[in-house]
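Work through the exercises below with the sequence and the structure in view. Try each task before reading its solution.

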Amino acid sequence: MSNHTDLPSNHEDNTNHMTENTDASLIKDIDNTLKTQQDDSLVELNHDDAIEDFFAQTAPTHFNDGFKTGYVAIVGRPNVGKSTLMNHLLGQKLSITSRKPQTTRHRIHGILSNNEMQAVFVDTPGIHRNEVRAINERMNKAAVSALVDVDLVLFVVDSDQWRDDDLLVLQKLGDTNLTVVLVINKADTLKDKGTLLPLIETFSDSFDFADIVPVSALKNQNLNRLQEVIASHLPVAAPIYDTEQITDRSERFLASEIIREKIMRSSGDEVPYDLTVQIDGFKDEPAHTDPKTGRPRKACTFIDATIYVERSGQKAIVIGDKGQRIKQVGMDARKDMELLFDKKIMLTLWVKVKRGWSDDERALTSLGY
């Protein structure tokens, strides 16, 4: 068991890639090829807007005539960049990410508001075939249920990897009457732009997409064009949420997700998906004078969290040699929380074994799945 409070921040910043300036020439080449080899239904890309800084966006103080509002589901197989795409569209790290598939386990709403529209993005777990345990079944159900009552679907695929689970997602979309935009992510990684065309043809033959937009979510390439496409398919309506709001999830939920992300990132392949995080305490303390010392104390939020794993060996891995790993997890998580919540955080972490939780329906319910 490990207990760490008021951990010092480190220099890791998991959002530093969101301001990276990169060359978008490859996506331009892809666009040129698409316009010459595809029919007129493909969208002409506006690359002049694609390099704009998404962090400069502010909430609107008024709404234009014809203001658009709607729910936008982001779906796809695991590990194609759905969460990264939503984070970069928002200009805010909201949904956790890692290189491991099935990092996202819950539906998360991210709210983007500007003068033209309010898009409520629904980030979903990756749809996959192997429902080995109860948690996998629940993740698939969460992803599919996100398609109910949305106005638009972004179907995200990887530009250079085609798998059977992509077809599985497409089949589920085919059972609906929803408007679907194909988003081809990681287009910047293609060395040969010609390899993209067979992929587009395969999808186009299988589904009547409203638009097809190649992007690089990680490098912020062509995301302005994607925003324009999204707005064009949303209905005219007043905003659903306050324009300052970025999510409908609680700070408790976001805190648990941040902790889980740090463990997944730090443990590599040593700890599988047999872990979850439960927030035991979340207390806001206002600025005050310490009655014992008479010194002023800044406002602070005290968070107590328990990390559950399924086996004692996994507990040892999460804690690390002499507690170094769990200490680093606490440092990294606290730093991200303070950036997201804009306040001082005191974080205490515990690690406990809860055998078989990921295949136990009652345990999953109690843990918020």
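**Exercise 1: two helices**

Helix α2 (residues 82–90) packs against helix α6 (residues 223–232) at an angle of about 90 degrees, and their axes are 11 Å apart. The model is a predicted one, in which local features need pLDDT of at least 70 and side-chain atom pairs count only at pLDDT 80 or more, while totals for chains, interfaces and linings use all residues. Residues are numbered from 1 along each chain as its sequence is written, and side-chain values use heavy atoms, with hydrogens and water left out.

Task: classify the arrangement of α2 and α6, and describe their contact.

Solution. Step 1: helices are DSSP runs of H or I with at least four residues, numbered from the N terminus. Step 2: axes are lines fitted to C-alpha atoms over the stretch in contact, and angles run from 0 to 180 degrees between N-to-C directions. Step 3: angles of 65 to 115 degrees count as roughly perpendicular, so α2 and α6 are roughly perpendicular to each other. Step 4: with contact meaning heavy atoms within 4.5 Å, α2 contributes Leu85, His88 and Leu89, and α6 contributes Leu223, Leu226 and Gln227. Step 5: four of these residues are nonpolar, two are polar and none is charged.

**Exercise 2: the cores**

Task: find the residues that touch the most other members of the largest nonpolar core.

Solution. Step 1: a nonpolar core is a set of buried Ala, Val, Leu, Ile, Met, Phe, Trp, Tyr and Cys residues joined through side-chain atoms within 4.5 Å; buried means under 20% relative accessible area, exposed over 50%, and partly exposed in between (1.4 Å probe, protein chains only). Step 2: the largest core has 53 residues, and those touching the most other members are Leu85, Phe121, Leu154, Leu226, Ile230, Ile259 and Met337. Step 3: leaving out residues up to four places away in sequence, Phe121 touches, among others, Val72, Met86, Leu89, Leu154 and Ile230. Step 4: another core, of 22 residues, lies apart from it and includes Val75, Leu182, Leu199 and Phe207.

Conventions. Parallel < 35°, antiparallel > 145°, perpendicular 65-115°, else oblique. Nonpolar A, V, L, I, M, F, W, Y, C, P; charged D, E, K, R; others polar.
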